[in-house]
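I opened this structure today and kept a notebook while looking around. Here are my entries, in the order I made them.

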Amino acid sequence: MHNLPITSYYSGLEQMLAFNAGTIGTFNPMLYGMAMPYQAMNPLSNPIFQQNLVKVGEQAFNQGRIDRASIDIQNAGSELKAMASQLSNILESDQLDKSQKERINALLEQVKQAQEELLQLTEKLSTSTDLNKDLKAIKSLQKKILNLREAGRKLSETIAKELEGKETSEEVSEEDVEETDNGTEESGEEVSDENDKPSDKYDNDGRPSSLEKPSNREVQNICLAFSDAIGKTYLFGLTPGTDDEKFESAITDLDEHNVVEVMKHWKEKFVGAGNQYPQDKNFIESFLWDADHSQKQVLGKHILDMLVKRAELNGIDVAAEEAKIRAELNKYWISNDTVETNIEAIYNKIVAKEAENAQSIKDEKTEDKKVEDNKKSELNKKKQANIAKAKTTFLKDIKDCTGRDDIEEFPSDIEVVTNERGDVTGFKIRLKGKDYFGKDYLALQAALKEDNLTLPLPAKKEQVA
């Protein structure tokens, strides 16, 4: 029951009923025996009752995990089917050579193997005897699918470049060999580890790159489902309560990919002044007020596990907070404040670290842009110097071949052609609707001569007596 006021003058039995209404409703909806002394109903003195309280929570939690896994399997099957179809269609192209088809076939075989694994996991899940092991296998397969998707992207880019005739590597000449700081030549070993770059470890939002980013719709849907669960009312809307099925389903939808985003969205859009739950400050407070004892133990640990996974992927040490939360959740009387304080501490550490990661990505991009701008500037300087040198040589060739010492300027209608490295490859002129090209003056004249044309030159100046 959301924000149920538990006052000090309630009896022990009344407090126990309030905190465990959902579970008692499952085992004893008619409240038989509730008139007996509180000690007789105290789970601390009745281990069978306490076991049943935890058992029903675990059963609901596991069913939610199975339902989510079924959705994951369905999505994985659709993605693998699409990948296999795309690769098969590419293989039908007559533009591919033997090597390219072999690489595509190899990737296609990996996709087919993943489809076989998925089929086996589907069969295991329906009769699972070790749910944790099977769910772990599904997560492992999802990671494999992400790797296959990335491999397909890289392979398509490589083959596209090959088809465009671009070189995939450049030969290094002796002049290009750089010297190390101690004056010796490079031996071909890498100077720096590329994996040290922030962009290799994080996305633009600072999230670990191994995490699939949840869509805004996914995050919103989880928050809406959670809100529906804790905002349900009974008796014609007069009595606030909790929809336990939706409540547990919303929490089990949390994983390391989306838990921070959901908690952040909840804090921004659902709690605090002016929002739907003004009395709450954050997601975990809303959860703790509505969860009964069993739900706090089972679902609370699920939230904790997902946050710890996210923290570890960011390289954050949250062992102290995790220990405090687990110790508290194992108690019969759970302190909401202790759980909330330490959950929020983990959450804030993750948010701060991912903001730091995002800033490092921005800094890296700024530095990369500076380097790229410097390269472009140097390339342009080299190109202009090469063009000036080529024009001088071309003008000298004109004078030598024609005896026209009076020509002092490079012809304006001739274009100097360069490649992407700024090197001059030749000269071009357009006459009578056609382009003529030559690597030097004589070659350009020869190209023009084939069409009975000559290079237009300025009129000869009158000799001064």
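**Entry: the sheet**

In what order do the 3 strands of the open sheet stand? I found β3-β4-β5, with antiparallel pairing. This is a predicted model, and I used local features only at pLDDT of at least 70 and side-chain atom pairs only at pLDDT 80 or more, while totals for chains, interfaces and linings use all residues. I number residues from 1 along each chain as its sequence is written, and side-chain values use heavy atoms, with hydrogens and water left out.

β3 (415-418) and β5 (434-438) are at the edges with a single partner strand each, so one side of each has no neighbour in the sheet. From one strand to the next, the twist averages 35 degrees. I took strands as DSSP runs of E with at least two residues, and helices as runs of H or I with at least four, numbered from the N terminus. Two strands pair if DSSP finds at least two bridges between them.

**Entry: the two pairings**

I looked up β3 with β4 and found 4 bridges. V417 has G426 in β4 as its bridge partner. The hairpin of β3 and β4 has 5 residues between the strands, and there G422 takes a positive phi near 85 degrees.

Next I checked β4 (residues 424-431) with β5: 5 bridges join them, again antiparallel. Here I429 stands opposite Y436 in β5. As a reminder to myself, strands of a sheet pair through backbone hydrogen bonds.

**Entry: a helix on the sheet**

Which helix lies across β4 and β5? I found α15 (residues 441-449), running at about 145 degrees to β5. Axes are lines fitted to C-alpha atoms, for helices over the stretch in contact, and angles run from 0 to 180 degrees between N-to-C directions.

**Entry: two helices crossing**

I moved on to α10 (residues 259-269) and α12 (residues 293-313), which pack at about 110 degrees with axes 9 Å apart. That makes α10 roughly perpendicular to α12 (65 to 115 degrees counts as such; under 35 is roughly parallel, over 145 roughly antiparallel, and the rest oblique). V259, V260, E261 and M263 of α10 make the contact with M306, L307 and R310 of α12 (contact means heavy atoms within 4.5 Å). By type I noted 5 nonpolar, no polar and 2 charged residues. Nonpolar covers Ala, Val, Leu, Ile, Met, Phe, Trp, Tyr, Cys and Pro; charged covers Asp, Glu, Lys and Arg; the others, Gly among them, are polar.

**Entry: aromatic rings**

How many aromatic pairs does a search of the whole structure find? I noted 12. Rings of Phe, Tyr and Trp (its six-membered ring) pair if their centres lie within 6.5 Å; planes under 30 degrees apart are stacked, over 60 edge-to-face, and the rest tilted.

F247 and F287 are stacked, 5.6 Å centre to centre with 5 degrees between the planes. F247 lies in α9 (residues 244-252) and F287 in α11 (residues 283-290), so this pair ties together parts 40 residues apart in sequence. Both F247 and F287 are buried (under 20% relative accessible area; exposed is over 50%, partly exposed in between, with a 1.4 Å probe and protein chains only).

Y332 and W333 are edge-to-face, at 4.9 Å centre to centre and 75 degrees between the planes. Y332 is buried at 11% relative accessible area, whereas W333 is partly exposed at 44%.

**Entry: the whole chain**
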